[in-house]
Structure formats: structure tokens, C-alpha cells
Amino acid sequence: MITRHRAMLGAVLLLLAAACGQQDPPGSGKGFTLRYEEPAAADRDHHRFLKDRAPAEAVLADLNGHLALPRGVEVVARSCDGGGTGYDPEEHRIELCYDDLAEERDLIGRSGSAHPDEDLSHIVRETLYHEAGHALLDALHRTLDDRAEEDAADRFAQVMLLRAGDPEGEQTLLAAARSYDAEAAADPAPDPADEHAPPATRAASHRCAVYGAGPARHPELAGPARADCSAVWTRTRDSWTRDLAPLLRH
Ligand SMILES: [Zn+2]
């Protein structure tokens, strides 16, 4: 009887799963999922920081609420031993490195931040949106040269963080811009082999997007160099919105 009950329960669960499946948008896959690996001893504080403040959970909830991916993308928080946070197109996986947080914390210290923990949370958020941009370009089969892809990933982060006129999104991009400033000041001659734009350029792009998306909210960012930022923001938003159309939930 136990076996028979289990079989019946199994059939009911299968029916429920089928019914639930029909309500999912086509091709929703598993979306972005998050897994924490145990940290190396040196990374324990930053593993704890991520678990306690949960910036990655917030980013993934936003991405999964907004986008239906054709396949799962796993975000793995782990000790990378200097390997560097990034998206792996072979595995459809984003590695978020605990050890990168130590480097970011150092840059935040150099920038003289009064709120280093908040800034670090912001930078993790901006980083994950950037890496999600790579994953989405891959899912959309968009092939760009290295620099163009990095720039597009930065613009994806801008669109996700600014699309709702949310002050926290603006603060996230401005905190990331301060970190890029500190990186530029620490190393005025960036590696020419780096596929990313130089840190000073990335900082300028984020500030231009924040100003362009809401000039009235950021008079402190106004200036002749930002005269075109509203037009740049409109192009950025419209271009990514068009590219994402097949994946948008609403
Ligand atoms: Zn990148």
C-alpha cells in the first residue's frame, strides 16, 4: 500500500508540475541561480559579507523578474585564487570571486568612502549586472569584438540599474564610478591588453548614464562634457530594450 500511495502521490506531483509548467513563459529555463561555495580561509569575511548583505540575491531576483532566459545561468560565489570574476560561456556560469571583494575594499578605502560596506554592496551589484550582460549577449547570440562586448555589458548594467528611476540604482553606478576612479588613480597606465575600457572611461560612462537618465536629479553632475548624456542614455536604453525584447517578461 505504501508503494501504491507513493505512486499515486508521484502521479499527482507530476500533474502539478505539468500544470505549473504551463504557466511559465515559454523558454523561461531556470533563469539565474545562485550557489555559494565554501571559501578559502582568507576569504571567510567576504563570504560572510555576501551572505549577510545578499546583494547577489537582490540582483538575481531583479534579473529573473524581468527576463526569461532560454537556459539556466548559474552564479557561483567562490574563492578564485586571483582568477577574477567573470562569465564562462562554455559553462553558462558566472563566477563571483570572494577574493575580488578584498581588492574592491582596498579601492574603496583609497577613495575615502564614509560608507565602505554600502559601497562594496553596490559594487557587487554593478559587477553582477555587468556579468549578466555577458550572459545575455551569449543567450541572444550577439557576437561583438572584445571591447564592444565589455562596453555593451556596462551599458546593460546601466539600463537595469536606471530603468525605473530608482535612486538606489543611481547610487550603485556612482559607487562603481568612484571605484573606477580609485583604480585609475592607483594605476594611471592601464594594461593595453585589458579588453575593458580604461577605468576612467568606465567611470565617465556610468556618470554620463546617471546624469542622462535624470538630469534634474543630479545637477552636481552637469557640465559641458555631459551635454550629450541624455541622448546617449536614450540610445543605450532603447538599444538594450530592443535587443532584450525576445526575453522580456513584460
Ligand atoms: Zn566583462
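**Disulfides, zinc and core: a chat**

Biologist: Starting with Cys 80, is that one buried or exposed?

Modeller: Cys 80 counts as buried, since its relative accessibility is 10% and the cut-off for buried is under 20%. Keep in mind that this is a predicted model.

Biologist: And Cys 97, buried or exposed?

Modeller: Cys 97 counts as buried too, at 0% relative accessibility.

Biologist: How far apart are the sulfur atoms of Cys 80 and Cys 97?

Modeller: They sit 2.0 Å apart, and the two cysteines form a disulfide. That pair links distant parts of the chain: Cys 80 is in the loop between S2 and strand S3 (86-88), while Cys 97 is in strand S4, 17 residues apart.

Biologist: What's the handedness of that disulfide?

Modeller: Left-handed, because the torsion about the S-S bond of Cys 80 and Cys 97 is about -90 degrees.

Biologist: How many disulfides turn up in the whole structure?

Modeller: A search finds two. Besides Cys 80 and Cys 97, there's a disulfide between Cys 208 and Cys 229, with sulfur atoms 2.1 Å apart. This pair also links distant parts of the chain, with Cys 208 in helix H8 (residues 199-213) and Cys 229 in helix H9 (residues 229-244), 21 residues apart.

Biologist: What's the torsion for Cys 208 and Cys 229?

Modeller: It's -115 degrees about the S-S bond, and the link is left-handed. Cys 208 counts as buried at 15% relative accessibility, and so does Cys 229 at 2%. If you number the bonded cysteines in sequence order, the pairing is 1-2, 3-4.

Biologist: Changing topic: which residues are the protein donors of the zinc ion?

Modeller: His 130 and His 134, each through NE2, plus Glu 150 through OE, at 2.0 to 2.1 Å from the zinc ion. Along the chain their spacing is H-x3-H-x15-E. His 130 lies in helix H5 (residues 116-139) and Glu 150 in helix H6 (residues 146-162), so the pair ties together parts that are 20 residues apart in sequence.

Biologist: Are His 130 and Glu 150 buried or exposed?

Modeller: Both are buried.

Biologist: OK, the nonpolar core. How many residues are in the largest one?

Modeller: It has 48, and Phe 32, Leu 50, Leu 63, Leu 128, Tyr 129, Phe 156 and Trp 240 have the most contacts inside it. The largest share of this core, nine residues, comes from H5.

Biologist: What does Trp 240 touch?

Modeller: Among its contacts are Gly 133, Leu 137 and Leu 140, along with Phe 156 and Val 159, again not counting residues up to four places away in sequence.

Biologist: Last one, H3. Which of its residues are buried?

Modeller: Pro 55, Ala 56, Val 59, Leu 60, Leu 63 and His 66. Seen down the axis, the buried residues of H3 fall within an arc of 140 degrees, so they line one face of the helix.

Biologist: And what covers them?

Modeller: The cover includes strand S1 (32-36), helix H2 (44-53), strand S2 (73-78), strand S4 (93-97), H5 and H6.

Biologist: What span should the helix have?

Modeller: At 1.5 Å a residue, the 12 residues of H3 (residues 55-66) should span 16 Å, which agrees with the 17 Å between its end C-alpha atoms.

Conventions: Residues numbered from 1 in each chain as written. Predicted model: local features only at pLDDT ≥ 70, side-chain atom pairs only at ≥ 80, totals over all residues. Heavy atoms only, no water. Donors = N, O, S within 2.8 Å, 3.2 Å for Na, K, Ca; no water. Helix = DSSP H or I, 4+ residues; strand = E, 2+ residues; numbered from the N terminus. Buried < 20%, exposed > 50% of the residue type's maximum accessible area, 1.4 Å probe, protein only. Core = buried A, V, L, I, M, F, W, Y, C linked by side-chain atoms within 4.5 Å. Contact = heavy atoms within 4.5 Å. Expected span 1.5 Å × (residues − 1). Arc of directions from axis to C-beta. Disulfide = S-S within 2.5 Å.
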